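Subject: Structure for your review

Dear colleague,

Please find the structure below. My notes on it follow.

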Amino acid sequence: MKMLINVAETVVADALRGMAAAHPELTVDVENRVIVRRDAPVAGKVGLVSGGGSGHEPLHGGFVGPGMLSAACPGEVFTSPVPDQMLRAAAAVDSGAGVLFIVKNYTGDVLNFDMAAELAEDEGIQIAKVLVNDDVAVTDSLYTAGRRGTGATLYVEKIAGAAAEEGQPLERVEALARQVNENSRSFGVALTACTTPAKGSPTFDLPAGELELGVGIHGEPGRERRAMMTSGEIADFAVNAVLEDLNPRNPVLLLVNGMGATPLLELYGFSAEVQRVLTERGVAVARTLVGNYVTSLDMAGASVTLCEIDEELLRLYDAPVRTPGLRWGV
């Protein structure tokens, strides 16, 4: 497979050097693998820290900035960051108002953030943690006990980030993050496998005429494989899978997320089909976001995330945000 890299061993460091050059509003520590908003710590503001394996960009480093994360910790490709990174990030953003760790439900991430929380509290930093586990495709997977954390991570980081930017206390920011996670469900579909730089070939075998329904963001197996389906058929399957588990009585936020290699032309067409199914099911959509936000390297495919909202959650979602990967209202 052809890749726009130097060598596999320096992919993450090279990307961080590029991010530092492109975004002077961020402090990017290439050696220690921590990305921090340059004005941190902000007096009286709760710090938000997240992180995970690289390969899902713009998640998480691309969501660092006003209105979203205070810091992010990138691990090696598809590999959890280590507790020292998380501790360094927490110390960099703590203003005395506490720090919220936003953790996707993957075993390595959970264990390392738990260890980092203990280390931070030993240093006098108040820590709260929220686990994101929105993927309805499977209960247990290769890297998880319970449901995987996927597209809802964007909503948790955006809405909790807006609350923190307003100066809301740690307990309230944590409660909002939990509410968003509890109100969110996702389902992903792969048309092709992804290729990690270290392996240089597809991470799993997916024949040309088939697709994986319920795939994870590391290429974990989903519910089933089928012969290739149309965009409308995939939308029917994905939305119905989400609505089997989420029965929204209020409007929803809709994320039609690309897995990395599917062009926007196809994603917007898929979004139209998703909107069709939601209309048929009587689900009102308040806001729609289409694009590559929680990716899986060069995987072709898409995921659908719904988040049921109320007036406060919608207000916080609409609040200004200024990050490399998401920005509006500024």
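Which backbone nitrogen lies 3.5 Å from a polar atom of the side chain of D94? It is that of G98. The model is predicted, so to speak of local features pLDDT of at least 70 is needed, side-chain atom pairs count only at pLDDT 80 or more, and totals for chains, interfaces and linings use all residues. Residues are numbered from 1 along each chain as its sequence is written, and side-chain values use heavy atoms, leaving out hydrogens and water.

**Surroundings of D94**

D94 sits in the loop between α2 (83-93) and β5 (99-104); helices (H or I, at least four residues) and strands (E, at least two) are DSSP runs, numbered from the N terminus. The side chain of D94 also has a polar atom 3.0 Å from the backbone nitrogen of G96. Not counting residues up to four places away in sequence, D94 touches P41, V99 and I125 (contact means heavy atoms within 4.5 Å).

**Aromatic pairs**

The structure holds four aromatic pairs (rings of Phe, Tyr and Trp, its six-membered ring, with centres within 6.5 Å; planes under 30 degrees apart are stacked, over 60 edge-to-face, the rest tilted). One of them, Y155 with Y317, is edge-to-face, at 5.8 Å centre to centre and 70° between the planes. Because Y155 lies in helix α4 (residues 152-165) and Y317 in helix α8 (residues 311-318), this pair ties together parts 162 residues apart in sequence. The rings of Y317 and W328 have centres 5.1 Å apart and planes at 55°, so that pair is tilted. Y155, Y317 and W328 form one aromatic cluster.

Kind regards

Technical notes
Polar contact = N/O pair within 3.5 Å; in protein donor to acceptor, adjacent residues only side chain to side chain.
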